[in-house]
Structure formats: C-alpha cells, structure tokens
Amino acid sequence: MNTTAANLVTPRVGDAVFGDSIIVRDASDVERASYLVTCREGHLLPVTDLTATLGSDADLSCPPGQDWRDLSRSVRDRFHQRREELAPWLRTSSRPDLRLLAFLHVHEKELTARYAPNTREGFTYGGLVPVLEVRAVAERLAAAGYLTARLFDCFHACPHCGSARLNVREECPSCRSPEIADVRLIHHLRCAYLGPEPDFETSDRRLACPKCSRELRHYGSDHEAAGTALKCGACGFSGSEPLVGFVCMDCSSHFDGERAQKVRAFHYAISEAGSQFLLAAGLKSSAVSPVLVLTLPLDLIRLLNAACARDEMFSLAELAYANEMKIVASKGAEVFDASRKQLVADLIGRLGAQGRVVQGARSDYVFLASEDAASTQERLNKLLSGCVARLRANLGVDLRVFEKADFLP
Ligand SMILES: [Zn+2]
Ligand SMILES: [Zn+2]
Ligand SMILES: [Zn+2]
C-alpha cells in the first residue's frame, strides 16, 4: 500500500493504514520509508521500490511501468513467515540491538557498508536501517558474538572532529607547506658541485655554477643530470622525500599520518549465536515480559528463555550500583570498574556451579535455577556481605530479585 497516509501514525503490522509492505513510489516516499522502518514493526516489512533508486536497500525493485503486485505478494508472504518465527515481544521491542537482529533476520540480508562521500564518516549503511547509531549498535552485537563482522575498508579520520573528509597531500618535511616540486639536479663535473637546476639558471637563460661561477656549456663533458630532488617554494628546503600530511576539510585541522585516527568499517551478518538467540525454542511460546528485558544482556535473555521453554523454575537477581557516579567522580572510573570486577569474580567463586553471573552494561545479574525470590534474596544478601567487605570502594549494591512469574506476560 501507499505509505502516504501512514507517515504520521505509529505503524503496526496488520494495521489497516499500514498494511504489510512499504511501497516507495517517488522520491518523497523515500524519506517516509526511512522513518517508517524506525517505528514499531516497520523494520520487519518488505520495501518495494518503484523508483529504481534504492538499490539493495529495497527488498523488491520494480522499474516504473512494470506490474509489481504479483512479485510483491510472494515477497510479502516470505516476510510474513520470517516474522512469525519471532516471538511477539521480540518483533515489537524498541531495544536497538533486538531491532537490528530482527531486521537482519526477517530481511535475510547483511548490514552492508558502502562509500558515502557526502557524510563525515565516509561510509554508510544506507537510509533504511531500523535504529539510530546503527554502527555502534552493530559493533556491540559483534563484540557479544551475535553478529559477525567482515572488513569493508579502513579510513583515516580527523583526530579533532572525526571526519573522514580529508585532503591527503605531499608536504615539505621542514615547514609542512604543500608548495613543493620535483626539480632536476645538476652535477658540475669540474668542481663537483651538485644542486637543483634553478640554482644554475642565470638571468639571461644560460647555466652557470653557483659555487665556482663557471659557465656550463656542454652537457656530458662539463656537467651531467643527477636525478631529481624535492624543493620547497615556501621555505627553500631541498631534500629527497616529501612527507604525507592531512587537512580536515570539515574543521581545517592539519595533522600527519601518525595522529590520524584509523577507523575500520565492517559489513555485519547474523552469526550462528544470533540466529539461535532469535529462534531459541522458548522464545515463541513463553514470551518474556517486554518491560523487564529492556536492558538485560542478550546472554541472559537466552538463559531465561531456555528456562521458560523447559518449564524450569528460576530466580534472577539484579545488582545495581548506587554509588557508581560518586566513586567515578571522586576516585575515577578505574577504581569503580576494578571493584565491580572483583565483586563479580568473588561472587562467581562463591556461587560455584549453583548460579550464573551475567554482566550487563550498568548492572550485573545472578541467575539461579530452582529457587524462589525470598530464599534467593536471603542467600545473596549473605554472600554479598562477605564480598563487599573486601572491596576498595563501597559500590552501594542494590539487590533486586525477580522470579519466573515476573518474566511471563
Ligand atoms: Zn576535523
Ligand atoms: Zn662549479
Ligand atoms: Zn618548506
């Protein structure tokens, strides 16, 4: 259907106004399409391109004038099937990492980098991506093993503003001016003087040796060519090799190769672990509460889903650190990180095989099989009081315990 009517509503698959496909009929639809893929389930809809401008961003491209309805139906059916493989909470989650994984799964494609000289980064993943800051989200997912990265290219970027729009140039090693030229060298055989040709040129266009002032008459007998050298028009320096320097075309900073940031750009594809996560058995039937999973690490969601699928009891404790800001401000981030790391290691040691500790971005989590919330709380409180006594910083550990019922819709 036409997206025109839908550009101000929050779409949901199956909505009468939204339909089950995004159709791009003209240039103004492209902007709407890139908005729609960031809303609700818009990222799980096929994009049909009737403008022949979207290339691989579209799932179906039809040149103007050709009938696309039959083709579009089979694409829509395929997308419907792929969506159905995902749990409802996963399809509607607003978590950027889950949105990106679901998007790549349903569209059956890679997140493909390509050159974009009109951007500061120099490359892009296209306009139809389901999340803001898609590069950072993909990097985190790759670091956790849910995406695999394949190198696209290496870029140099400005150390001041991060732009990859750089002018790369040869410069004078002495004054860094780009006003340099290769000049021929002349060797005066008689006095053995060697110098750049312009130094031998007289005002009446003859050649004379700057050292001994004798005129040079016969090439081969009194003088010879001796290769070329670098000559700087700004400071007069002459030497053999120029240096390479960069000028940022966005902020005008000047720097050399060593100070330039090296940025590696990757293509990303779903890894085996990523697919397993999306399709894990428990995911379809026993959906985890979408509110609670907003910040949980994916490894933990996988554990929870597996436990739900096997119909096992479990409880989950969240360790939040109330004093993080205070410690970072007074003693530095390293002290906080070190204390937190020590607490986690200590806890892992004390729990042994009876529990799993999963580290999150802001909180850490303890997953315990077959325990109810009250006994988990009591047991962890005891364990924690032993652990925190040995820490350098008082982390202000806040313990919150959930049980299985908290995760079921
Ligand atoms: Zn810059
Ligand atoms: Zn001479
Ligand atoms: Zn110079």
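UniProt positions are given in the numbering used here, and its annotations may be inferred rather than shown by experiment. With that in mind, UniProt places the feature "domain: Thaumarchaeal output", from an unreviewed entry, at residues 91-268. The model shown in these views is predicted.

**Figure 1. The whole chain, before we zoom in.** Let's start with an overview. The chain has 12 helices and 18 strands. Its C-alpha trace spans about 105 × 70 × 35 Å along the principal axes. A compact globule of 409 residues would have a radius of gyration near 22 Å, but this chain has 32 Å. Buried residues make up 28% of the 409 residues. Among contacts with a separation of 6 or more, 66% join residues 24 or more positions apart.

Figure 2. Helix α1 covers residues 27-36, and its buried residues are Asp-29, Ala-33 and Leu-36. Seen down the axis of α1, these buried residues fall within an arc of 60°, so they line one face of the helix. On the other side of α1 you can find Ala-27, Ser-28 and Glu-31, which are exposed. The cover over the buried residues of α1 includes strands β1 (22-24) and β2 (47-49).

**Figure 3. Helix α5 and what it packs against.** In α5 (residues 134-143), look for Val-137, Ala-138 and Leu-141, the buried residues. They fall within an arc of 95° when seen down the axis of α5, so they line one face of the helix. The face turned away from this buried side carries the exposed residues Ala-136 and Ala-143. Packed against the buried residues of α5 are α4 (96-107), β6 (147-157) and β14 (261-270). After α5 comes Gly-145, with a positive phi near 95°.

**Figure 4. The largest nonpolar core.** In soluble globular proteins, nonpolar side chains tend to be buried together. In this model the largest nonpolar core has 67 residues, and Leu-101 and Ala-102 touch the most other members. Domain 1 (1-84) and domain 3 (285-407) both give residues to this core, so it lies between them. Not counting residues up to four places away in sequence, Leu-101 touches Leu-141, Tyr-146, Ile-270, Gly-274 and Leu-278. Another core, of seven residues, lies apart from it; Cys-158, Leu-166, Phe-246 and Cys-248 are among its members.

**Figure 5. A close look at Cys-235.** Find Cys-235 in the loop between β10 (223-232) and β11 (238-239). Cys-235 has 13 other C-beta atoms within 10 Å and is partly exposed. Leaving aside neighbours within four places in sequence, Cys-235 is in contact with Cys-172, Ser-174, Cys-175 and Ser-177. Now pick out Gly-220 as well: Cys-235 and Gly-220 are 15 residues apart in sequence and 32 Å apart in space, C-alpha to C-alpha.

**Figure 6. A close look at Phe-123.** Phe-123 sits in strand β5 (residues 123-124). With 18 C-beta neighbours inside 10 Å, Phe-123 counts as partly exposed, because a residue is buried if 20 or more other C-beta atoms lie within 10 Å of its own and exposed if 12 or fewer do. Beyond neighbours within four places in sequence, the contacts of Phe-123 are Ala-113, Arg-114, Tyr-115, Ala-116, Phe-152 and Ala-265. Phe-123 and Thr-148 are 25 residues apart in sequence and 19 Å apart in space, C-alpha to C-alpha.

Notes
Residues are numbered from 1 along each chain as its sequence is written. Chains are lettered from A and ligands numbered from 1 in the order in which they are written. This is a predicted model: local features need pLDDT of at least 70, side-chain atom pairs count only at pLDDT 80 or more; totals for chains, interfaces and linings use all residues. Helices (H or I, at least four residues) and strands (E, at least two) are DSSP runs, numbered from the N terminus. The arc is that of the directions from the helix axis to the C-beta atoms. Two residues are in contact if their C-beta atoms, placed from the backbone, lie within 7 Å. A nonpolar core is a set of buried Ala, Val, Leu, Ile, Met, Phe, Trp, Tyr and Cys residues joined through C-beta atoms within 7 Å. Domain bounds come from an automatic or database domain assignment. The radius of gyration is taken over C-alpha atoms; the globule rule is 2.2 Å times the number of residues to the power 0.38.
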